[in-house]
Amino acid sequence: MDISSSSINEKKSNDKKLFKNPLLEKLTHTHAAVPISMYLIFGAGLLVYELYYQLVSVGMTILLFFVGLLLFTLVEYVMHRFVFHMSPTTPLKKDITHKFHGVHHHHPKDKSRLAMPPIVSVVLASSFFYLFYLALNDYCYPFTAGFLTGYALYLGVHYMIHAMHPPKNFLKILWIHHSIHHYRDDTKAFGVSSPLWDFVFRTMPD
């Protein structure tokens, strides 16, 4: 290997690093199965608790679960479009977009960075539950369960899109949709688990 090739490889390796501290850097890597399991277990626990103590009727439980699931798809779209792809007009914004999403666009096949690390997942799940409890009281249990299930489904779809070949069925559209965002036009196709909000907000690719 010549010097120029060695320099390029070193640059690519450094580009993948988010922190100089080895411990912090290690914490940024995780397999998607870890947070997916955490969110599903947490969501299931909320449903079991709510149904056991009959805090909400069964009909309302089902309704709130799917409302929470739908809300997550909107939050996913908004975060992806307006936070992860915000214009890096300041050093802080540039650092945020790179750490949270830019490194994924530079290395889309890096399986260890297709989901948030477990520590961040715990903080997020706890924060969502606290906020929803303040707003909804006991209704937050099925609502949060649906929201976290949506998060788990998003992570699963995102992992499969980047780690597996497209299936030969209707789900193939999700692979194509996300590939357009990564490899053709990153100002379009922000929905990962669903293209619904791309239709609503007119960011569907041509």
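Let me start with the contact between α4 and α7, where Thr61, Leu64, Phe65, Val67, Gly68, Leu69, Leu71, Phe72, Val75 and Glu76 in α4 meet Pro142, Phe143, Ala145, Gly146, Phe147, Thr149, Gly150, Tyr151, Leu153 and Tyr154 in α7, contact meaning heavy atoms within 4.5 Å. By class this contact has 14 nonpolar, five polar and one charged residues, with Ala, Val, Leu, Ile, Met, Phe, Trp, Tyr, Cys and Pro counted as nonpolar, Asp, Glu, Lys and Arg as charged, and the others, Gly among them, as polar.

Please keep in mind that this is a predicted model, in which local features need pLDDT of at least 70 and side-chain atom pairs count only at pLDDT 80 or more, while totals for chains, interfaces and linings use all residues. Residues are numbered from 1 along each chain as its sequence is written, and side-chain values use heavy atoms, with hydrogens and water left out.

As for geometry, α4 (residues 58-83) and α7 (residues 140-163) pack at an angle of about 45°, their axes being 6 Å apart, where axes are lines fitted to C-alpha atoms, for helices over the stretch in contact, and angles run from 0 to 180 degrees between N-to-C directions.

Turning to Val192, this residue lies in the loop between α8 (172-183) and α9 (196-200), and at 2% relative accessibility Val192 counts as buried, that is, under 20% relative accessible area with a 1.4 Å probe and protein chains only. Leaving aside neighbours within four places in sequence, Val192 is in contact with Glu76, His80, Tyr154, Val157, His158, Ile161, Leu174 and His178.

Finally, of the 206 residues of the protein, 38% count as buried.

Terms used
Helix = DSSP H or I, 4+ residues; strand = E, 2+ residues; numbered from the N terminus. Buried < 20%, exposed > 50% of the residue type's maximum accessible area, 1.4 Å probe, protein only.
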